[in-house]
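Colleague: I'm new to this one. Could you walk me through how to read it?

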Amino acid sequence: MTRLRRYASELLLVVLIVLAAIASSAMSPYFLDPANLLNAAQFFVIFALMAFGLFPIVVQGEIDISLASTLAIGSVLFATLAVSGVPLVAAVALVLLGTALLGVVNGVLVGYGGLPSLAVTLGTLGAYRGLAYLLAGDAGVVGIPEEYLLFGATKVGPVPVSLLLVLAVAAVFTVLMGATSFGRYSYAIGSSPAAARMAAVPVNRVRVLAYALGGAMAGLAGIVWVSQYQSARGDNADGAILFVLTAVVLGGISIKGGSGRALGVLLATILLGTIQTGMKLANVPGTSQTLVVGALLIGAVGLPRVVSMLRQRFGAPLPSRAQGGGQA
Amino acid sequence: MSRAARAKLSDLGFALDPDQLVAGLTVAEAQFVEIARAVDTGLQILILDEPTSALTPDESEKLYAVVKKLKAQGTTVVWISHRMEEVRFLADTITVLRDGSHVRTAPASELDDDTMITLMVGRSVVLEQVARIEPLGAARLAAQHLSLAGVFDDISFEVAEGEIVGIAGLVGAGRSEIAQAIFGLSPKMTGTVLVDGVPVAPRSPAAMVERGVVYLPENRDLEGVIASMTITSNIALPSIRRLNRFGFMQARRERELATSQRTALSIKGRIDDLVSSLSGGNRQKVALARWLATNPRVLLLDEPTHGIDVGTKAQVHDIMRDLARAKRMAILMISSDLPEVLAVCDRVLVIARGRLTADITAAEATQERILAAATTITAGRGPAA
Amino acid sequence: MSGTTAKAPLIHRLRERAGFSGGAAALRVRFIGVIVFQLLLVLVFTALAPRFFTWDNAQSILFTAAILAIAAAGQTLVVLTGNLDLSVGSIMGLSAYVVFNIASGSPDLQPFVILIAVVVGVVLGATNGFLVAVLKIPSIVATLGTLSIYRGIVSFYANATEVTSGELPRWMRTLAETSWLGLSSYVWIALVTIVVVGTMLRMLPWGRQIYAYGSNPKAAHFFGLNSTRIVIGAYVGAGVIAALVGLLLGARVGNINSLLASGIEMSVLAAVVIGGVSIWGGAGSVYGAAIGAIVLATINNGLVILQVQEFYRLLLQGLAIVAAVAVDAVVQRRIQSATKRRRTMGADA
């Protein structure tokens with residue numbers, strides 16, 4: 001029974017997904033069509049990958065709003081390398097390395113430099129976006145050879161490769177955050193940076209690692225982007241950070257740091273994807289879709305506060321045992 | 001507004017330029033600004049909490065003058081302090097608190113220094129000295145000419161294997177800073193630190209833990225433990241690397257470690273409980289346990305029994321004695337609780353304003369002597385008696 | 001050295017020589033630094049392209065800077081409290097749309113155009129303030145959410161229809177076009193607004209409370225300041241200013257659709273941060289933010305004249321933000337170490 005309590009927020013997400021699915025299929029008969037579903041799901045792969053990249057950073061109590069710009073650089077870089085004939089494996093490796101380095105820049109400024117992550121990544125959001133435009137040129141990159149588009153149409157049986165990729169990444173992050181010292185250090189830093197430092201946790205190094213990982217995930221998302229859209233431009237994924245941040249927060253990752261699980265991120269992305277697909281099929285205009293996501297973001301953070309404020313007002317004691325939302 | 005401020009400041013005897021930024025003032029001047037802000041016609045009660053702990057004797061005298069003036073104007077002043085001379089000089093009525101309880105309130109004329117000390121300290125049977133039988137070993141920790149600009153200067157001392165050395169001094173004297181610098185939190189410190197005769201560069205806490213030097217912070221709840229994590233996670237935190245296999249954590253080993261530490265230190269709580277649910281004393285034991293799990297050779301303890309009930313305090317003292325005498329660790333304990341220092345330590349160092357003013361054995365140490373060393377920086381200075 | 005009985009100027013001089021004015025001097029230097037940077041920019045661009053240094057060009061820069069500067073003044077209020085307002089662009093767009101829609105629909109409401117904008121700004125700003133101050137949602141999350149919510153409301157409202165300038169009150173249209181003394185009316189409006197806000201911050205108690213709260217929220221609590229009121233007030237101020245900027249923008253642009261002012265948040269924040277308003281709160285001024293706006297406009301203009309690609313602007317803007325924050329961090333550390341130092345060693349240090 002305690003096991004269930006610990007996973008309370010994930011269970012809630014599953015319930016919400018089911019509800020959203022029901023609502024969406026009520027709004028449009030096309031929703032439950034399996035082919036449609038798989039197609040729609042593919043659209044959200046990119047956001048899911050970025051959300052996983054953002055996940056350890058938020059657990060550590062920081063933020064990175066430059067991921068979408070890093071994605072853009074990653075996609076343009078990959079497309080350019082592909083068009084130039086660089087072998088696939090080398091191209092992927094170079095892109096991941098490059099975007100990880102972009103992440104390291106953020107990490108060094110935040111970790112060793114002690115600068116506030118919001119301001120730093122606000123700056124790199126613009127700088128990297130500009131860099132992406134520069135690399136892409138006016139027209140972007142097109143004409144990518146077939147073999148580089150493996151995350152696009154390729155399927156394993158009925159399931160697109162990109163979806164399997166997301167599941168694999170989810171598994172990796174579950175293990176990473178739940179069973180390695182990096183994960184444990186991240187939760188410690190997020191819970192109390194001062195105490196973590198006193199406990200001889202290599203705080204700066206762990207921070208840099210998280211940002212490097214975030215950058216690499218954005219790069220991976222960029223590679224998937226190229227596969228799906230067969231092109232790369234400087235404005236790729238502009239503004240995606242709203243969705244990604246909402247997915248992370250909805251997934252039970254506290255914005256203050258110190259808690260949350262990879263499973264939550266996965267489920268939240270599925271939930272948001274379901275909601276957004278439903279809206280699309282019901283012909284809700286784009287900006288209204290964004291409105292809903294924005295409202296969900298505020299709700300995801302605000303509702304727990306309202307609940308705990310009400311609780312304090314009416315005297316219910318706060319829990320003393322580890323519950324759902326804490327680390328695995 | 002500027003003119004009014006200037007008038008107010010000079011009224012109180014502080015000659016400060018009101019247009020200057022507070023950021024550029026010394027601590028004393030900032031304090032004067034604070035007081036000037038609080039003082040208003042019609043001010044009824046002014047509460048000052050350890051106001052002279054960071055002031056020079058000259059600056060303190062200015063403050064006494066202000067208080068006398070306020071008294072004359074009819075304001076009630078509540079002055080919190082543990083400095084006897086000052087209390088005696090200023091107070092009409094004295095209230096003594098101990099361990100969070102009220103002990104006595106009486107007119108100043110009825111309480112002499114000895115009575116006050118007795119009331120403050122209490123007749124706690126628990127804090128008795130336990131005579132040492134084991135001999136001391138070689139110098140385990142040696143500090144030579146440690147200096148950190150503006151914080152402490154030319155600190156040299158040694159702690160032998162099996163010895164408990166206390167560091168006494170006023171709040172703000174720089175004791176915590178010295179311990180933290182030895183632990184590697186202040187890379188800018190100059191001077192040499194030797195562990196078992198080998199020079200060590202205190203570059204980072206991780207580096208010092210490798211050498212067997214650990215530090216228990218004064219601020220237990222913010223820095224000593226991570227309250228939102230479990231006992232197990234807290235205790236295992238510095239040892240994760242060691243407990244890993246192929247980079248993956250071993251939950252079983254962690255739990256074993258936590259359980260053995262819990263038994264050794266008698267921590268009241270299940271190992272899966274959050275540290276936030278524990279009492280202060282048990283939290284301190286968790287903080288200690290996490291370091292003991294790394295088999296340290298030098299323990300730097302910063303106010304280890306601050307805010308802990310007397311029973312647990314005694315337990316912690318017993319643990320310390322056992323660690324020093326049986327397990328041959330070198331222990332450096334910062335404490336503002338003089339009876340504790342006298343009862344537990346083999347030697348006492350006194351720090352005043354960043355400088356070492358006394359290094360005496362327990363036999364030679366008395367509360368008066370320690371207080372004297374802690375409150376003066378050059379001979380003969382002090383508040384007007 | 002404590003010399004508190006000596007004459008004041010002597011203390012200053014002694015202090016400067018002994019390096020004791022670390023904290024205060026650092027803040028002053030930061031402000032002057034932006035001005036110096038701006039002058040350097042002008043020098044560099046003029047050297048690279050002499051036609052940069054003409055009156056016409058200066059007019060153009062100032063005009064671009066004007067709108068940004070007013071918005072930056074509003075954002076400064078919020079940043080001073082240690083928060084951010086990412087929804088400014090959406091507030092601008094929503095206010096412009098609401099006002100012009102109403103004005104074109106009911107001509108008798110036209111004189112009240114400004115009042116309507118103010119109301120819109122108050123409502124939107126107060127919502128932001130509520131989320132941040134009462135629900136304690138971190139400002140980045142809250143305003144990222146309201147950014148999309150407000151923008152969504154615009155498109156809901158607009159239903160993809162546009163309002164053309166033909167339907168605007170006549171006086172607004174002429175205002176957008178006029179010039180006084182060679183400078184566009186917008187530049188004068190910006191000047192007046194900045195002086196007014198700057199004076200309010202310096203003279204009004206509420207203004208000082210913002211600085212006090214921003215530099216040390218905990219101490220502000222002990223001072224008895226009402227943090228909720230201060231933060232909500234700052235957001236309302238920013239909202240009203242943003243709403244008014246929306247009006248100005250709409251009048252100038254002519255056609256207002258739901259995308260008006262979309263994405264301006266980055267530039268506004270850049271102007272504020274570059275202008276020396278510390279992201280930690282409690283330091284900086286609207287004058288600095290205004291200069292920051294001019295810096296951005298100068299960079300933009302210079303790059304165009306040098307025929308450098310538009311994309312470099314984004315890159316440079318981003319780098320400028322990072323550089324400005326890094327400098328501010330150094331300033332902040334100076335201030336903190338200055339106070340800590342004297343705690344332990346006393347004036348003997």
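**Chain contacts and a sheet**

Modeller: Let's begin with chains A and B: 19 residues of chain A are in contact with 27 residues of chain B, where contact puts C-beta atoms, placed from the backbone, within 7 Å. Helix H9 (181–191) and helix H10 (193–198) of chain A each give two or more residues to that side of chain A; helices are DSSP runs of H or I, at least four residues, and strands are runs of E, at least two, numbered from the N terminus. This is a predicted model, where local features need pLDDT of at least 70, side-chain atom pairs count only at pLDDT 80 or more, and totals for chains, interfaces and linings use all residues. Residues are numbered from 1 along each chain as its sequence is written, while chains are lettered from A and ligands numbered from 1 in the order in which they are written.

Colleague: How many residues does the contact take from chain A and from chain C?

Modeller: That contact takes 39 residues from chain A and 37 from chain C. The largest share of chain A's side, 14 residues, comes from H7(A).

Colleague: And how do I read a sheet?

Modeller: Strands of a sheet pair through backbone hydrogen bonds, either parallel or antiparallel. In chain B, an open sheet of six strands runs S10-S11-S12-S7-S13-S14, with mixed pairing; two strands pair if DSSP finds at least two bridges between them.

Colleague: Which are the edge strands?

Modeller: Strand S10 (213–216) and strand S14 (355–361) of chain B, each pairing on one side only. Further in, S7 (164–169) and S12 (330–334) of chain B pair in the parallel sense over four bridges, and Ile164(B) stands opposite Ile331(B) in S12(B).

Notes
Two residues are in contact if their C-beta atoms, placed from the backbone, lie within 7 Å.
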